[in-house]
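I opened the model to look at chains, strands and cores. My notes follow in the order I took them.

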Amino acid sequence: MTMNNLMQKVRNIGISAHIDSGKTTLTERFLYLTKKIHRIHEVRGKDGVGATMDSMELEKERGITIASAATYCQWKNHEINIIDTPGHVDFTIEVERALRVLDGAILVLCSVGGVQSQSITVDQQMKRYQVPCIAFINKCDRNGADPFRVIDQLREKLNHNAVPIQIPIGLEADLNGIIDLISMKAVYFDGDFGDIIRLEEIPDALMETALEKREELVDAASIFSDELTEAVIEESEIPEALLIDAIRKGTIQREFTPVVMGSAYKNKGIQLVLDAANDFLPSPMEIDNEALNLDCNEETISLTGKKEDPLVALAFKLEEGQFGQLTYIRVYQGKLNKGDTCVNIRTGKKIKIGRIVRMHSDQMEDVEKIEAGYIGALFGVDCVSGDTFAASGMNVSMTSMHIPEPVISLSIKAKDNASEISIAKALNRFTKEDPTFQTFVSNETGETIVSGMGELHLEVYIERMRREYKAEIITGEPSVAYRETITCNTPFDYTHKKQTGGAGQYGRIAGFMEPVAEEEFVFENKITGGSIPTQYISSCEKGFVSCLAKGPWLKYPVTGVKIVINDGASHSVDSSEMAFQAAARGAFQQAYFKARPVLHEPIMKVVIETPAEFQGNVMGSLNQRRGMIIGSHDVGQITAIESEVPLSEMFGYSTTLRSMTQGKANFTMEFSTYKQVPKSILETIEKKNEKKTKTGT
Amino acid sequence: MLKKQLILRDPLSFLGCETDETEIKGNFGAVTSRAGVGKTAFLVQIAISSLLKDKNVLHISIQDPVDKVNLWYKELFLNLTHNQDAKESKQLWETLLAKRFIMTFETEGFNVSKLIARIDELSSQNIFVPHLIIVDGLSLDISIQSELLQLKEYAIKNNFTTWFSMRTHRHQSEDPVTLLQQLDGNNSSLFNMVIQLVPHKDQIQVKRLPLTGECNDRPPLLIDPATMMIKETINK
């Protein structure tokens, strides 16, 4: 088989959906049917083993998928790489990363719940990365299942040109099989795990519906194929391959969403989902991948996808396994051989490729190389998520992934010494694995602060520290990163003089401080005539910088300050670096309050997607939270409300929103800007601070 | 200070529209031109002028997303405050934002009843009470005659002015005023002001079209296509 033929049979797909739609169960069934596993373990099964894809203990317990587990399988001569993605909104970075490296996706929907809030978020992400998808309507065996209602929702809420390529034989408890509208056969799934396929003629009772739906399918697909249109006009028999080809074209252009259905739990229809992935989702060759040329002002260049060309690969996920750090990688161009050397473009360092594996959840298989279009994992490579690996001489970087800013912080403290070490280990690992999870030590309190994308996001990591690292942790209240800044130009002239026996301390600094936009701190030396000797200038700067971490007013970091020094004095004996640092601190204190300091708070861009009937209440809730509504956008039955809300008002909002909208709305939040805190709020913060100072907490 | 300076650059006053005329509650105005000449930019300038006069503006866009509409405002405000103190301009912009609300709809998802329900909801919760409504991208044809009448009635009752964009086509022989009058069964009380944008050499000419019985002897204005700002008046 030629290289191109091989590549045409590769599928890099993601499975994404709302939480509890059954995507992990679906993946488990894929693995079973493709002989990758030999027993099925349910997500919340009685055997207590949990699904293969949910490899973390916490995932197994909660029945949710937290980290994407990558795996591959083979189905009908096609190689399918699957990334199982988490469903909760707080973990969307995982979904985004998965979509970045994938060529296609299966959007799993619940036949009862339909298009839910997370389905909308995931769909938007797919749009952002132009990922073609097929839809699988799962849980057709459940009470209240109505796949056709879900198809309507796909059209109305997500604007998909969703067309069923199957219809169910019975629904709810009577779900017996599936009618394939392409082959016009009834498909039944026999055996304990539905692995024996029995093809029959379509039952008479369903023939009329099947013909009607087939006609709709052919009509919708004919837009993408002239040959098919001709066949329809001539009323000649439509070959299966022709219909499949037309649907495939439409799907790859993202103008057609083929809908398949069944029940993963009851093992019905799963083989047909795999068939659909082979038939309709693109191979790596059919996707145009771009990189940024760092030699040419980050111009985008197309990657060839050929294995003969120089290597370009992206590290899209890191995991700490029992054998060290595991780096998940997608090769876009060239190939990565065991023993090869390539360059980490971010650091410029050369790295030698050691062990290469293909992942199957937490089990692995050693391979010699990964070629363009494939996904694999490397051992012992020092990098962070999002790094580009390229051949020597290639100065390109993969388009950076959209990584949202962390929005919430929490202090954590170890209960004992052993826990402190465990926490350090855990944080080192988590921050490398997940760029939206960050940590630092507060200069003020000495506490370790973790920040992330939401309350649940932090909660899960803290829980993981407790379980996986046996760390005993005390957590603090979530807090907002306020900042102090000045509003007017103020001069200073400060002399630091101390004579307490022995060598004295002397230093005089004069100049002014002024507000500066879009810079944290600017220091300008305009001393002429050596009034402050050159060797003390850096000490002056150091002295000013030391005042910034904790503002003299409310003890928050000071930003947006420009310091200009233009005069001063020194003493041949008493002046020292320390004396000028102290003089700078004194000058800062002297001028700061005269420069009319104000407090700034982080403002978040909050986008809420809600069914239109709740939009009034949602806007009201934003208004109550000092939010400024920028606008609303109606798409079908959904209204997207864009607003700017102070972060301090957003704690606990997910719960409020859920109860206000019967759980049908969801929101995303990212940092927008810093704005001045209004007077009324400032008073409250001042009072809180006073209390804190008094109690010493 | 800056605010006062900018108010003086109200595009409607340049065109000879009297203040009471543009602020009569329930009045409808239309900015008409062929596609791509600058209707949205002109409407946004009308909106910015109203915002500067402390009026609340509801901008309704059919098709364009919120971000794109927001960008129009940002760009035109930047052009308007070009060469002014950056800090003062930024502060002014912040105050204007609080008085503006953008609502966008897809073509098939928009109807006046829905809009009225939305405005009622915003007003009743005291979230936003519009004084001026900009409707951009709605196809003004006879099929929406009854909806326009419904909106007019609502506008009179709720004291706001409405400006529409109206796209004309090469094949249309009627002038925009006739087309608008047809919307109201030729009794010409639906629209009170009509402004036409016409490409003129490498610039855009803006003129107020006379409605029945009106006489407009003001010279047309010119818009700089690069900035979409009013440039000068053409001497007759």
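**Entry 1: the contact between the chains**

How many residues does the contact take from chain B, and how many from chain A? I found 17 from chain B and 14 from chain A. I keep in mind that this is a predicted model.

I then asked which elements of chain B supply the side that touches chain A. I noted α5 (66–80), β3 (100–105) and α7 (112–124) of chain B, each with at least two residues there. β3(B) gives the largest share, five residues. I sorted this side of chain B by class and got eleven nonpolar, four polar and two charged residues.

Strand β35 (residues 628–635) of chain A is joined to β3(B) by four bridges. The two strands run parallel. I picked out one pair: Asp634(A) has Phe105(B) as its bridge partner in β3(B).

**Entry 2: chain B**

I counted nine helices and nine strands in chain B. The chain has 236 residues, and 37% of them count as buried. I also checked contacts in chain B with a separation of 6 or more. Residues 24 or more positions apart account for 74% of these.

Is α4(B) enclosed or open? I found 14 of its 14 residues buried, so α4(B) is largely enclosed by the rest of the structure. Just after this helix, Asp54(B) takes a positive phi of about 65 degrees.

I looked up one residue of helix α9 (residues 176–182) of chain B, namely Val177(B).

**Entry 3: the cores**

Which residues have the most contacts inside the largest nonpolar core? I noted Ile106(A), Ile134(A), Ala135(A) and Phe136(A), in a core of 189 residues. The largest share of this core, nine residues, comes from α4(B).

Another core lies apart from the largest one. I counted 27 residues in it, including Ile486(A), Phe492(A), Val558(A) and Ala582(A).

**Entry 4: strand β4 of chain A**

I turned to β4 (residues 104–110) of chain A. Seven of its seven residues are buried, so β4(A) is largely enclosed by the rest of the structure. I checked both faces, and both are covered. One side holds Gly104(A), Ile106(A), Val108(A) and Cys110(A). The other holds Ala105(A), Leu107(A) and Leu109(A).

Strand β1 (residues 10–17) of chain A pairs with β4(A) in the parallel sense over five bridges. Ala17(A) stands opposite Val108(A) there. Strand β5 (residues 133–138) of chain A also pairs with β4(A) in the parallel sense, over six bridges. I noted Cys133(A) in β5(A) as the bridge partner of Ala105(A).

**Entry 5: an open sheet in chain A**

In what order do the four strands of this open sheet stand? I read β30-β31-β33-β32 of chain A, with mixed pairing. β30 (490–498) and β32 (521–525) of chain A each have a single partner strand, so one side of each is left without a neighbour in the sheet. On average, neighbouring strands are turned by 25 degrees against each other, direction ignored.

I traced β30(A) to β31 (residues 505–515) of chain A: nine bridges, antiparallel. Thr490(A) has Met513(A) as its bridge partner in β31(A).

Which helices pack here? Helix α13 (residues 537–548) of chain A touches β31, β32 and β33 (561–569) of chain A. Its direction makes about 155 degrees with that of β32(A). Helix α14 (residues 577–592) of chain A lies across β30 and β31 of chain A. I got about 140 degrees for α14(A) against β30(A).

Note on methods. Residues numbered from 1 in each chain as written. Chains lettered and ligands numbered in written order. Predicted model: local features only at pLDDT ≥ 70, side-chain atom pairs only at ≥ 80, totals over all residues. Pairing = 2+ DSSP bridges. Axes fitted to C-alpha atoms, helices over the stretch in contact; angles between N-to-C directions. Contact = placed C-beta atoms within 7 Å. Nonpolar A, V, L, I, M, F, W, Y, C, P; charged D, E, K, R; others polar. Buried ≥ 20, exposed ≤ 12 C-beta atoms within 10 Å, placed from the backbone. Core = buried A, V, L, I, M, F, W, Y, C linked by C-beta atoms within 7 Å.
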